[in-house]
Amino acid sequence: MVQEPNTALVIIDIQHDYFPGGAMELEGADAAAAKAGQAVERFRKESLPVFHVRHLSIRPGATFFIPGTPGVEIHANVTPLPSETVVEKNFPNAFRGTALQNYLDKHKIKNLVVAGMMTHMCVDATVRHAADLGYKITLLGDACATREQKFGSESVPARQVHTAFLAALNGFYAKVITANEL
């Protein structure tokens, strides 16, 4: 599937705080990071650009992704190479207040392959914004993870949250596939 030279991989927030023992553990984080790692290897093998996005929480009262803590470090499965760009963000949308679009434009990128965490938050916000900017997006559904959500007295299991957001993005905003389909 990856054959166009104007395609880049964007890895969103695959950081230590989302893994077992982290401040905001996600369901399926290890499996998703392994799939994202496969995508990183594929892009590197094809000499296509990989962009890493790392969240640093600067909002008062934040409980995870606190600058200077081990939780903000990028997970070993997707460790950036020195030649790869790392974009630091402070909001869910990886384009908001960052140079991500400038980097993509500099590399003449038109197609994005996206993997990351959390499906319902930063992945969703970034994919929707990227589509509004005109990028063609392929989302690796099994290379993303999320957690249970609550609304009022209702609890929605992580698997249902993940599936609902992938279903909402699939079609208009992105083509959702698996890492193996890449």
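The model is predicted, so local features need pLDDT of at least 70 and side-chain atom pairs count only at pLDDT 80 or more, while totals for chains, interfaces and linings use all residues. Residues are numbered from 1 along each chain as its sequence is written, and side-chain values use heavy atoms, leaving out hydrogens and water.

Along its principal axes, the C-alpha trace spans about 45 × 35 × 30 Å. Of the 182 residues, 47% count as buried (under 20% relative accessible area, with a 1.4 Å probe and protein chains only). Among contacts (heavy atoms within 4.5 Å) with a separation of 6 or more, 77% link residues 24 or more positions apart.

Turning to the fold, the chain has four helices and eight strands, taken as DSSP runs numbered from the N terminus (helices H or I, at least four residues; strands E, at least two). From the N terminus on, their order is β-α-β-β-α-β-α-β-β-β-α-β.

Strand β4 (residues 111-117) runs parallel to β5, joined to it by six bridges; strands count as paired if DSSP finds at least two bridges between them. Met 117 has Ala 145 in β5 as its bridge partner. Between β4 and β5 the chain passes through helix α3 (residues 119-132), making a right-handed β-α-β crossover, that is, a clockwise path from the first strand over the helix to the second, with the strands pointing away from the viewer. β5 also pairs in the parallel sense with strand β8 (residues 175-177), over three bridges, and Leu 140 stands opposite Ile 177 in β8.

What lies inside? The largest nonpolar core has 31 residues, of which Leu 9, Ile 11, Ile 14, Tyr 18, Met 117 and Leu 140 touch the most other members. Such a core is a set of buried Ala, Val, Leu, Ile, Met, Phe, Trp, Tyr and Cys residues joined through side-chain atoms within 4.5 Å. Helix α1 gives the most to this core, with seven residues. Beyond its neighbours within four places in sequence, Leu 9 is in contact with residues including Ala 39, Phe 43 and Val 113.

Notes. Buried < 20%, exposed > 50% of the residue type's maximum accessible area, 1.4 Å probe, protein only.
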